[in-house]
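Subject: Structure handover

Hello,

Here is the structure I said I would pass on. My notes follow below it.

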Amino acid sequence: MRIATFNILHGRSMDDGEVDVDRLAAAVKSLDADVLGLQEVDRDQPRSMNADLTAVAAEAMGAGEHQFVAALAGTPGGTWMAATGDEQPGSATYGIALICRYPVVSWRVVRLPALRASVPMWFKGSRKPVWVSDEPRVAVAAVLDGPFGEMTVCNTHLSFVPGWSALQLSRLVRSLTGTREPLALIGDLNMEQRQASRVSGLRPVATAPTFPFDQPRRQLDHVLVRGALEATGPAEALRMPLSDHRALVVPCGPA
């Protein structure tokens, strides 16, 4: 089983600044993942030609099971509100997706605690902090019937605000107590592997720097597991023709 996670930056290329759904499809197909978590996913957004990027990726994978979960409704970086799951079909939304080649027994959505206040952030090259507001954060989990029996895979994209991402990760893992194991938690956690493992209590099975895409120095994207699951080969952080992250892929099997 090949498990992958990829922050797709709504399909935008860092080389030409364009969103090309065919380029996204080709990139996803090249990963040859059986289970794929995507972050920063558009649906019905003008900037991505009003495409359903989850459906584009699922078709490229040959995957019959997929679910998009909106974190916000409206325009990222513009006017938006926290998504509730009751958005009208055809409305512009943005969030995460989980795509599986295996049958899914059940789906679950977890809405994570939101940081409602602006916080000061120091960016490279700036002498003064910049006050920023975070977006809502969500997770989507699936119990799937894989080649080794039933297991749970959960995909998420956590806050970029230090400390708050740790709180969200802790809450998410707690919400998954009692779910079918083995469990694989994947996604852009916006923290390094050591912290992600310590906060979650899960084991990392994929070690490779994923950000920034051109000369990656940090691993923000992870595959963490609990139960009888392990890597059966080395993980790869693959440079794709889109996004500011690399895609992280690891082959896994029963421990």
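Val143 counts as buried because its relative accessibility is 13%, and the cut-off for buried is under 20%. Please keep in mind that this is a predicted model.

Val143 belongs to strand E9, which covers residues 138-146. Which residues is Val143 in contact with, leaving aside its neighbours within four places in sequence? They are Pro103, Val104, Val105, Ser106, Glu150, Met151, Thr152, Thr179 and Arg180. For one of these, Val105, the C-alpha to C-alpha distance to Val143 is 5.4 Å, although 38 residues separate the two in sequence.

The largest pocket holds about 740 Å³ of space. It is lined by 30 residues, of which Phe123, Phe160, Asn190, Phe211 and Leu220 are the closest to its centre. By type, the lining of the largest pocket consists of 13 nonpolar, 9 polar and 8 charged residues.

The second largest pocket has about 190 Å³ of space. Its lining is made up of 14 residues, and the closest to the centre are Arg43, Phe68, Ala70, Gly85 and Glu87. Here the division is 5 nonpolar, 5 polar and 4 charged.

Which strand gives the most to the lining of the second largest pocket? That is E3, with 3 residues. Strand E3 spans 65-74, and both it and strand E6 (104-111) supply at least two residues of this lining.

Regards

Definitions and conventions
Residues are numbered from 1 along each chain as its sequence is written. This is a predicted model: local features need pLDDT of at least 70, side-chain atom pairs count only at pLDDT 80 or more; totals for chains, interfaces and linings use all residues. Side-chain values use heavy atoms; hydrogens and water are left out. Helices (H or I, at least four residues) and strands (E, at least two) are DSSP runs, numbered from the N terminus. Buried means under 20% relative accessible area, exposed over 50%, partly exposed in between (1.4 Å probe, protein chains only). Contact means heavy atoms within 4.5 Å. On a 1 Å grid over the protein atoms alone, a cavity is a set of points where a 1.4 Å probe fits but cannot get out, and a pocket is an open set with protein on both sides within 12 Å along at least five of seven lines; lining residues have an atom within 4 Å of a point. Grid points are joined across faces, edges and corners, and a volume is the space filled by probe spheres set on the points. Ala, Val, Leu, Ile, Met, Phe, Trp, Tyr, Cys and Pro count as nonpolar, Asp, Glu, Lys and Arg as charged, and the others, Gly among them, as polar.
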